Amino acid sequence: MNRNLSKNMYPSSYWGAKWREAIPVGNGVLGASVYGGVYKETILLNHADLWTQGITADLPDVSGKLPHARELLIQGKAEVADHVLSNALTEAGYNAEHALPLPLGDLHIIMHESKGFQDYSRALNMDTGEVTVSWLEGTARYERVLFASRTDDILVYELRCSEPGHISYIMKFDLHGNGEPEPFRTALELSLAENKHTYGEENNLYYAVKNDSGMDFGAVARVELDGGSISDKHGSLQIKDANRVLIFIRLFVNGERNQQWKRLKRELSGIDSDYSTLLERHACEHSRLFHAMKFDLGAQDRDKYNEEYLMEAYKGKQSLALMEKMWSFGRYLLISSTREGGQPCHLYGLWCGEYNALWAFHMVNLNLQMIYWQALSGNMPELLHPVFDYMDGKLEDFRTNAKQLFGCRGVFVPAPTTPESGLMKIVYPHIIHWISGAGWIAQFYVKYYQYTLDEEFLRGRALPFLYETALFYEDYFTIGEDGFIVISPSISPENTPSNYVKASNLDGYESGGVMETTMNATMDYAVAKEVLTSLLTLAPLVDMYEDEIAKWRDMLVRIPAYQTNEDGAIREWMHPDYDDNDQHRHLAHIYPLFPGSEIDMDSSPDQYNPFVKAVENRSNDVTLREQCAWSFMYIANAYARMGKGEEAIKCFDKLSRANLLSNLFTLCNDWRDMGLTFELPMAPFQIDANMGWCAVVQEMLMLSTPGKIRVLHSLPQSWEQGKAGPILAHGSIEVTLEWDLNLKEAQVNLCATKVDQMIELIVVEQRTQIELKAKSPVQLKFIL
């Protein structure tokens, strides 16, 4: 029984958007979504660098309006202050748009005839990244298999039949979703259709479309037959009576079609390997990442179909096998959607089937972070490189944002960006006034160094990014009469103080219509505190920024202590004008507990308990209708951090009942009106919760900070026994775990992969000081 095999008993069935329930494959740049139809198979194709409709304009200088906005906030006129900068940008004629990921096209396989299928299944082998669609017709067993090669940068597709001469079909490329009635197609689709060209020649199929940039994108497929015949017909290829068919597909973007077709034809003709050889080569590299950590609960029901697991979850009992598979799937998605030298993973990954994809950008007020939380402890630090490349490549735009919006030095990272630009493009106040984007992203830079001990990275990338972030704080922060820092304007992501909810004129779910502009959001203080503390700790290690140390230390002591409200929870805004609002999905004010590490279970009760209360206030029955897929996983991560494994499992249960499709993709909200999330007229495609699941599991098993590792602190009773690891900890220490709650035994293996070091190991409540020698494993056994 394979815990990394995801099976479906029926094909993609999401009416009007079958791509949502398709099986995804990807090599970090190329993505394919396999629908699984017997008579007509569709494979949606995506490329990480294919985007459209972005508009980048010069960002006007509206920094002169900032003092007026601040004065209005001091006067208690937050509703007026809310729109000062946004109105100034609009009045200056600022018109910019984020680009959208563009589906490259569909590959269709249309069988000549069907006698009726039996024994159908489709499956994803996450160990290798291979999709299999299988069925029986009469006595003949048909099988279609596909993977996206990480080593050869191609899609490899093979059609097989147990009886010779039975494979006959028409194969063609087309725009994604072409064939829909014109009233249901977007203007972009209609425009693209006017510039589409596809044709077959010999054993090659060509496809190209002109993007709004004037450049072409498209594909070439090369077909190799075992028996049978091939001919071109009306822009397609017709295959008759083959025993087996092997197809190689390579994509292109941002080129001239005839040149690209010629290049790809030459490259594909040079491939002389068979399917098995190519799969083996790809699987070796894919598995290196996928198996860098394992998670095994010893589930006994791993051979069921996903539909069966979901029915069990609907009835209130989620199986251990589904927990294992969801962890594997989230890990698989991150590996498949990004790689070194490529783009970061966004909310659609490499599987976007919409022409106006909602929120399909890199959103750093939570979503990008959740996607990547699993990378370090999951022993895949290299997958963070695309994030660093992306952010470092946009530093000049981020500096422009800081200067033009606020008159500040340093960098301002807007909550949403897309690959074409790092400029602030959305003029909603809650985007303009949220200043913690750079600081939150800086946490990845810091942790990457702390987990890998890569000193070159610390010198060349982490500390310079932290420095730019602190430089912005130096100019943006003001000092109040009490000597403490004032942050104004300030945003707690997407939330409105409860005493302003009626004034917000909230119409359904639309953040742009909410009054979110405040002063002194707790999150802003916490992130700034983390940035300054990191600089003070790390800069001396490499003798950098010596002249800045005293200034940063002074800024740090001017950050006021966190405040609590009347019920003992951490306040979301450290200002008397703004009342807490727990009817919300974000938990920004718990940042010091999670994802930060300023507060933990070893903190004093007066520091720790207010954060526990804040999490409880956002995760009770009253707030259930305010949640979504990613907020379930945010809450679960917080509970894992607090050692409350049973509460984390409840979040898994809710997500499984409310947000899972049959292929295990997560959607933002419950689209069936079952009462477990907030309501929207649609269900946006978002896979951040898939990755968030992985982070929760890893947080339940191990927590680490420099010099301290805590393990098995959050085991639920249902995880009676299991194995996990190697989990990567701070200090580049690999941790492997094995436990049995029935026997009350645990084994912990530690290996410092780079340097000698002393650590404190905490197993439940047992504390042990351990001296680790580099590359010398240590094995310890404990009674639970």
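A crossing of two helices is left-handed if the near helix is turned anticlockwise from the far one by less than a right angle, and right-handed if clockwise. The structure is a predicted model, in which local features need pLDDT of at least 70 and side-chain atom pairs count only at pLDDT 80 or more, whereas totals for chains, interfaces and linings use all residues. Residues are numbered from 1 along each chain as its sequence is written, and side-chain values use heavy atoms, with hydrogens and water left out.

Helices (H or I, at least four residues) and strands (E, at least two) are DSSP runs, numbered from the N terminus. Axes are lines fitted to C-alpha atoms, for helices over the stretch in contact, and angles run from 0 to 180 degrees between N-to-C directions. Angles under 35 degrees count as roughly parallel, over 145 as roughly antiparallel, 65 to 115 as roughly perpendicular and the rest as oblique.

The axes of helix α13 (residues 437–452) and helix α14 (residues 455–476) come within 9 Å and cross at roughly 160 degrees, which makes α13 roughly antiparallel to α14. The crossing of α13 and α14 is left-handed. On the α13 side the contact (heavy atoms within 4.5 Å) is made by residues including Ala-438, Ile-441, Tyr-445 and Tyr-449, and on the α14 side by residues including Glu-455, Phe-457, Arg-461, Phe-465 and Tyr-473. The residues of this contact between α13 and α14 divide into 13 nonpolar, 2 polar and 2 charged, where Ala, Val, Leu, Ile, Met, Phe, Trp, Tyr, Cys and Pro count as nonpolar, Asp, Glu, Lys and Arg as charged, and the others, Gly among them, as polar.

For helix α8 (residues 320–337) and helix α20 (residues 688–701), the axes come within 8 Å and cross at roughly 120 degrees, so that α8 is oblique to α20. The crossing of α8 and α20 is likewise left-handed. Among the residues of α8 that take part are Leu-322, Met-326, Trp-327, Phe-329 and Arg-331, which belong to a set meeting residues of α20 that include Met-691, Trp-693, Cys-694 and Val-697. The contact of α8 with α20 comprises 11 nonpolar, 3 polar and 1 charged residues.

Two sheets are described next. Two strands pair if DSSP finds at least two bridges between them. Within it, strand β29 (residues 757–763) runs antiparallel to β30 and is joined to it by 7 bridges, and Gln-757 stands opposite Leu-772 in β30.

A further open sheet, of 5 strands, has the order β19-β26-β27-β28-β31 with antiparallel pairing. Its edge strands, β19 (294–296) and β31 (778–783), each pair on one side only, and neighbouring strands are turned by 15 degrees against each other on average, direction ignored. Strands β27 (residues 733–740) and β28 (residues 745–752) pair in the antiparallel sense over 8 bridges, with Cys-751 in β28 as the bridge partner of Glu-734.

Several loop positions carry particular backbone geometry. A cis peptide bond with omega of about -10 degrees joins Ser-488 and Pro-489, the latter being found in the loop between β23 (485–486) and α15 (522–538). Another cis peptide bond, with omega of about 10 degrees, joins Phe-594 and Pro-595, and Pro-595 has its place in the loop between α16 (549–557) and α17 (605–618).

Positive phi values occur in residues other than glycine as well. His-234 has a phi near 50 degrees and lies in the loop between β16 (229–233) and β17 (236–242), where its relative accessibility of 76% counts as exposed. Leu-712 has a positive phi of about 55 degrees and is found in the loop between β25 (708–711) and β26 (721–729), but Leu-712 is buried, with a relative accessible area of 4%. Here buried means under 20% relative accessible area, exposed over 50%, and partly exposed in between (1.4 Å probe, protein chains only).

Val-38, in the loop between β3 (30–34) and β4 (40–47), also counts as buried, at 10% relative accessibility. Not counting residues up to four places away in sequence, Val-38 touches Met-111, Phe-117, Tyr-120, Trp-135, Glu-137 and Arg-144. Val-38 and Glu-143 are 105 residues apart in sequence and 9.8 Å apart in space, C-alpha to C-alpha.
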